[in-house]
Amino acid sequence: MPENAEPPQPAAEAEPPASTPTPSEPSAEPSTAPKVRNLDAHALRGLAHPLRIRLLAALRHNGPATASQLAEQLGESSGATSYHLRQLAAHGFVEDAPEHGKGRERWWRASHEGTSFDETMTHDADPATRSAAEVFLHEIATIHAQEMNTWLGTSHTWSTEWRRGADLSDFTLRLTADQAHELIHKMHDLINSYRDLGPAEETETVRFHTHVFPRTSD
């Protein structure tokens, strides 16, 4: 699942790794888990709006910003971004970033690095919760598709090294539900192990999408 919809991570180790890993060698110890917001039904209903999901993603990916800056990034009016930022703040997803402000300018930052979604809300007894879960998941899927299309349309502007470092693959396995669950968490643990790599030149922000779902045999 995406950065803004990831499952709970294991607790961080009390002791740091014995040595600093190199960029080609992830830490053998579990990385410090990202700060994740666990969604309950009330929080989900507060987040489940396409613009709110995109505002939160923009703040997580790009750092603190004003409503006007976010409006320009997302092609929205500053009135709309300001309103939905206040709604996100009311539900604890964003907060003021006063160290960035000047005068009356109001800056916002994400309160968490990721979001944990409980799939049981997709079949909750409350139809409002089920509807919010559908909006949330479909918007995440749309964002994934848009990010991939952007990469495909701009990959020619990147170096050979970065084109080689990108991936577009899919796999078909025969697994039990428990095995699929185990594999998901192993993948997430491996990705998180790269969070604590030592400083390196020429780093870029890299996005990973993981999609795991069963399908009936043809």
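**Close-up 1. Contacts of histidine 84 in the predicted model.** In this predicted model, histidine 84 touches His49, Leu51, Arg52 and Leu55, leaving aside residues up to four places away in sequence. Histidine 84 itself sits in helix H4, which spans residues 78-90. Is this histidine 84 buried or exposed? Its relative accessibility is 9%, so histidine 84 counts as buried, because the cut-off for buried is under 20%.

**Close-up 2. The salt bridge between arginine 54 and glutamate 139.** The side chains of arginine 54 and glutamate 139 meet in a salt bridge, at 2.5 Å from N to O. The pair links distant parts of the chain, 85 residues apart. Arginine 54 belongs to helix H2 (residues 50-62). Glutamate 139 belongs to helix H5 (residues 127-154). Glutamate 139 is buried, with a relative accessible area of 9%. Arginine 54 is partly exposed, at 24%.

**Close-up 3. The salt bridge between arginine 109 and glutamate 95.** Here arginine 109 pairs with glutamate 95, and the closest N and O atoms are 3.0 Å apart.

**Close-up 4. The salt bridge between glutamate 147 and arginine 207.** Glutamate 147 forms a salt bridge with arginine 207. Their closest N and O atoms are 3.2 Å apart. Which parts of the chain does the pair tie together? Glutamate 147 lies in helix H5 and arginine 207 in the segment after H7, so the linked parts are 60 residues apart in sequence. Glutamate 147 is partly exposed, with a relative accessible area of 24%. Arginine 207 counts as partly exposed at 27% relative accessibility.

Close-up 5. Side chains of opposite charge can pair when their charged atoms come close. How many salt bridges does the structure hold? The count is seven.

**Close-up 6. A patch of negative charge on the surface.** Four glutamates gather in this patch: Glu161, Glu201, Glu202 and Glu204. One of them, glutamate 204, is found in the segment after helix H7 (177-192). Glutamate 204 is partly exposed, with a relative accessible area of 44%.

Close-up 7. The protein has seven helices and five strands. Along the sequence they follow the pattern β-α-α-β-α-α-β-β-β-α-α-α. Of the 218 residues in the protein, 30% are buried. Take the contacts between residues at least 6 apart in sequence: 67% of them join residues at least 24 apart. The accessible surface comes to about 14200 Å². Carbon and sulfur atoms account for 52% of that surface.

Terms used
Residues numbered from 1 in each chain as written. Predicted model: local features only at pLDDT ≥ 70, side-chain atom pairs only at ≥ 80, totals over all residues. Heavy atoms only, no water. Helix = DSSP H or I, 4+ residues; strand = E, 2+ residues; numbered from the N terminus. Buried < 20%, exposed > 50% of the residue type's maximum accessible area, 1.4 Å probe, protein only. Contact = heavy atoms within 4.5 Å. Patch = residues over 30% accessible without salt bridge, like charges linked within 9 Å, V, L, I, M, F, W, Y side chains within 5 Å. Areas by Shrake-Rupley, 256 points an atom, 1.4 Å probe, with all protein chains shown as cover. Lys, Arg positive; Asp, Glu negative; His and termini not counted. Charge placed at Lys NZ, Arg CZ, Asp CG, Glu CD.
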